Amino acid sequence: MPELLPRARASQESIFARMSRLAVQHGAVNLGQGFPSDAPPAFLLDAARGAVGRLDQYAPPAGLPVLREALGADLGVDGADVVVTSGATEALNVLALTLYGPGDEVLTLEPVFDVYVPQARLAGATPVMVPMRLDARGWGLDLPALRAAVTPRTRALLLNTPHNPTGAVFSRAELEEVVALARQHDLWIVSDEVYDELYFGDRPVALRTLAPERTFTVGSAGKRLEATGWRVGWIACPPGTGLAGNVAGIRQQGSFCAPTPLQAAVAAALPVARRDGFYAGLRQEYAGRMALLAGGLEALGATVYRPGGTYFLTAQLGPAAPDAGTLVERGGVATIPLEAFYPTHGAPQGMVRLAFCKSRGEIEQALDRLAAALVPA
Ligand code: GLN
């Protein structure tokens, strides 16, 4: 048998897949992988039922025209500049393959959403991680460190706001500094904004509004509409550049097109979600579940860093806490250890990410189990 490439040998099961597998295996409450317990909204499901059996063949690789138009209207861009992908993960991979390659460095933050690093490497580029600061103000951008990390090889800045896993929402002032840096060194900006509608304080600033000429925005119907398994994501390209054509050209080499009936359903659902206040309802519901989880953890002695957005919070569970592996196997609660998001620098000690897009019953059960697991032996 011929030998496998080192990159295939080095490729590991994602921390999200691993924790979900262990949660099933050990009957644990899954506060690890971020997928909602609630069903998607009826207006989305009804639209999908109406599309299956009617729209079952390939869509154009750039996306169904009705979905590109709906996304254009939703995001305040021209639909011609939008490319539909099979989930945000594919969108990020397509951008890695389009924008950087051998010899290029890609600047991103640590803790880092897990796919950024392997995707940059598969594209032949070198990911360079800049640690975020964590202090009394919570998580934030370390702008001096970001500036110091730019080299003549830097090609792109890859950020997400609201940020996974910390839940930080970067301020307009911080993002203006990021844009100034990108302009000074002529860098692309890849802005992963899959949690754009999930925030608890100020509305996140979309980077494309500050730097339209160089920003690619990644979005996700799975996150917006509570259907993470549908794999409908998108890329909004810099307007009026024609770059969507290049991006679609790379995109068609992956899954060719996202599932056609699901694209049609998302196209129908996006304006309904906006008109009917679906996102505001989601924010309100998740704010309540965040308070339930954060308050419960604090009552157990944990230090909680409350997020400005996303459906995750980070917490230090305390000195008596077992590690995340023991916790899922024997404590009955799946979490994501923050080390998983620190491929280069050291992670803050004993910190985990917990998802609160789960039912109140699951969150309460997790807190009961944590109360037992966090008692010093
Ligand atoms: N975005 C999800 C999370 O952070 C996981 C995505 C995935 O597993 N592909 O939990």
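This is a predicted model: local features need pLDDT of at least 70, side-chain atom pairs count only at pLDDT 80 or more; totals for chains, interfaces and linings use all residues.
**First stop: the largest pocket**

Start by selecting A10, S11, Q12, D114 and P118, the lining residues that lie nearest the centre of the largest pocket. The space around you there comes to about 750 Å³. Now widen the selection to the whole lining, which is made up of 22 residues.

Next, colour by helix. At least two lining residues come from each of α1 (6-10), α2 (15-26) and α6 (116-122). Which of the elements gives the largest share of this lining? That is α6, with five residues.

Switch to colouring by residue class and you will find eleven nonpolar, six charged and five polar residues around the largest pocket. Then try colouring by domain: domain 1 (6-39 + 278-373) and domain 2 (42-275) each contribute at least three residues to the lining.

**Second stop: the second largest pocket**

Move on to the second largest pocket, where about 450 Å³ of space is found. To centre your view, pick G34, T89, F113, K223 and R231, the closest to the pocket's centre among the 26 residues that line it.

The largest share, four residues, belongs to α5.

How does the lining of this pocket divide by class? Eleven of its residues are nonpolar, ten are polar and five are charged. Finish with the domain colours on: at least three residues of the second largest pocket's lining come from domain 1 (6-39 + 278-373), and at least three from domain 2 (42-275).

Terms used
Residues are numbered from 1 along each chain as its sequence is written. Side-chain values use heavy atoms; hydrogens and water are left out. On a 1 Å grid over the protein atoms alone, a cavity is a set of points where a 1.4 Å probe fits but cannot get out, and a pocket is an open set with protein on both sides within 12 Å along at least five of seven lines; lining residues have an atom within 4 Å of a point. Grid points are joined across faces, edges and corners, and a volume is the space filled by probe spheres set on the points. Ala, Val, Leu, Ile, Met, Phe, Trp, Tyr, Cys and Pro count as nonpolar, Asp, Glu, Lys and Arg as charged, and the others, Gly among them, as polar. Domain bounds come from an automatic or database domain assignment.
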